[in-house]
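Me: Could you take a close look at the aromatic rings in this structure with me? I'd like to know how they pair up, and where the residues that carry them sit.

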Amino acid sequence: MFYLESPSRDPYFNLALEEYVFERMDKSKSYFMLWQNDNTIVVGKYQNTAEEIDQAYVDAHGIRVARRLSGGGAVYHDKGNLNFTFIVDRADAPGLNFKIFVEPVIQALARFGVHAAFTGRNDLTIDGLKFSGNAQYARRGRLLHHGCIMLDSNLTSVADALRVKEAKFASKAVKSVRSRVTTINAHAPAPISMEDFKGALKECAMASGALEPYTLTEEDLAAVRKLRDEKYATWAWNYGCSPAYDMRREMKFPAGLVTAHLSAEGGKIKAVRFYGDFFGGELGELEGAMAGLPLDEHLTDALEALRVGDYMSGITAEELSRLLRG
C-alpha cells in the first residue's frame, strides 16, 4: 500500500488530490492518505449547501466551503482535525464495510489510553459522543473511504458554522444529522499531539502490509492543481450542484419586515416572491428580474444593479442579499 501525505491545507487541493489518486493513479495499487484542511466546511455530494451552513458566519470568519465526492453529511475541518483516506479495490470491503477502515483509528487511540467505538452506520464515538464521521464513494470496482477525526478541533466553530439561521427549507437533499460531538483530547489521559497521533495511525494502518511512501511528482501536482481550479474551487461545484429546493426566510430590517419565498435550482434563483410590511413599488418587476441570479457572493452587486430601493423602500441590496443567502 502506498502512503501519501498532502503538502497542502487547501481543501480544494486536497479533495482534488483524492479524486486524482482514485481516478488517475495505478489502480492495481492501494493507497492510504493523511491530510488536513484549514477552516472549511465540507458538504456531502448530495446535499444542498444552503441548508447546511450559516453563510453569514462563514463569510465573516473566512471559512471555505467545499463539496466532496462522497455522500453523507456536512463536517467542519480545522487544524485540530485530521483526515484519512483509503483507496482500494471494492472487493477488499464487500458490502461497503466501514468498520475495517476505522479499525486503525480505534487501535491508534488505544495506544494513548483512549477507548473508542464504531457505532451506527459510520461514526466513531468516545463515551457516546461522536469524534469522527466517515463516508465512502465507489466507482468502477474501486472504493474510496475517508473520515475526519477531531483530535483537538474548535467545537464552538463546529457548532456555529453548521448552525443554519432560521429558515424553512423543502428539498430532496440529504440532510445532516446533528450529533453530540467531542474531541479526542477531551478524553485523553494526556494531550496527544497531531504528529504523535499521525505516527500511531500510520503504524496501525500497516497491519495489512507495509506502507510505501509515495512522493507526488511535478506532473502529479500540476494535474491536481488543474482539477482543483476547474472543479473543486468553483462555485458551480460547491453551490451550483445543490439539488433544487424551496425556502422561506424572514428578517426584520429598519425599513420593515421582509419575508422571502424562494425556489432555487442549480444554485440560482428560479423564482422568488416577497412579502412584508415595508413600502415600495411593483414587486413583480423586481421578482421577475431576479430569476437566474446565482446565490453567490456577487448577489449584492447584482441586486444593486436592479435598484432594489425603488421597489422596497429603505431596503438595501446588501440586506436583501443577506436575507436570501443567510
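**Aromatic rings, up close**

Reply: Let's start with Tyr3, which counts as buried because its relative accessibility is 8%, below the 20% cut-off. Keep in mind as you look around that this is a predicted model.

Now for the pairs. A pair of aromatic rings is described by the distance of the centres and the angle of the planes. Using a limit of 6.5 Å between ring centres, the count comes to nine aromatic pairs. One of them joins Tyr3 and Phe32: their centres are 6.0 Å apart, and with 35° between the planes the pair is tilted. This pair bridges distant parts of the chain, since Tyr3 belongs to strand E1 (residues 2-5) and Phe32 to strand E2 (residues 31-35), 29 residues apart. Phe32 has a relative accessibility of 0%, so Phe32 counts as buried.

Next, find Tyr232 and Trp237, whose rings make an edge-to-face pair, 5.6 Å centre to centre and with 75° between the planes. Why edge-to-face? Because the angle is over 60 degrees. Tyr232 is buried, with a relative accessible area of 1%, and Trp237 is buried too, at 11%.

Trp237 has another neighbour to look for: the charged end of Lys231 sits over the Trp237 ring, 4.4 Å from the ring centre. So when you zoom in on Trp237, look for both the ring of Tyr232 and the charged end of Lys231.

Conventions:
Residues are numbered from 1 along each chain as its sequence is written. This is a predicted model: local features need pLDDT of at least 70, side-chain atom pairs count only at pLDDT 80 or more; totals for chains, interfaces and linings use all residues. Side-chain values use heavy atoms; hydrogens and water are left out. Rings of Phe, Tyr and Trp (its six-membered ring) pair if their centres lie within 6.5 Å; planes under 30 degrees apart count as stacked, over 60 as edge-to-face and the rest as tilted. Helices (H or I, at least four residues) and strands (E, at least two) are DSSP runs, numbered from the N terminus. Buried means under 20% relative accessible area, exposed over 50%, partly exposed in between (1.4 Å probe, protein chains only). A charge sits over a ring if NZ of Lys or CZ of Arg is within 6 Å of the ring centre and within 35 degrees of the ring normal.
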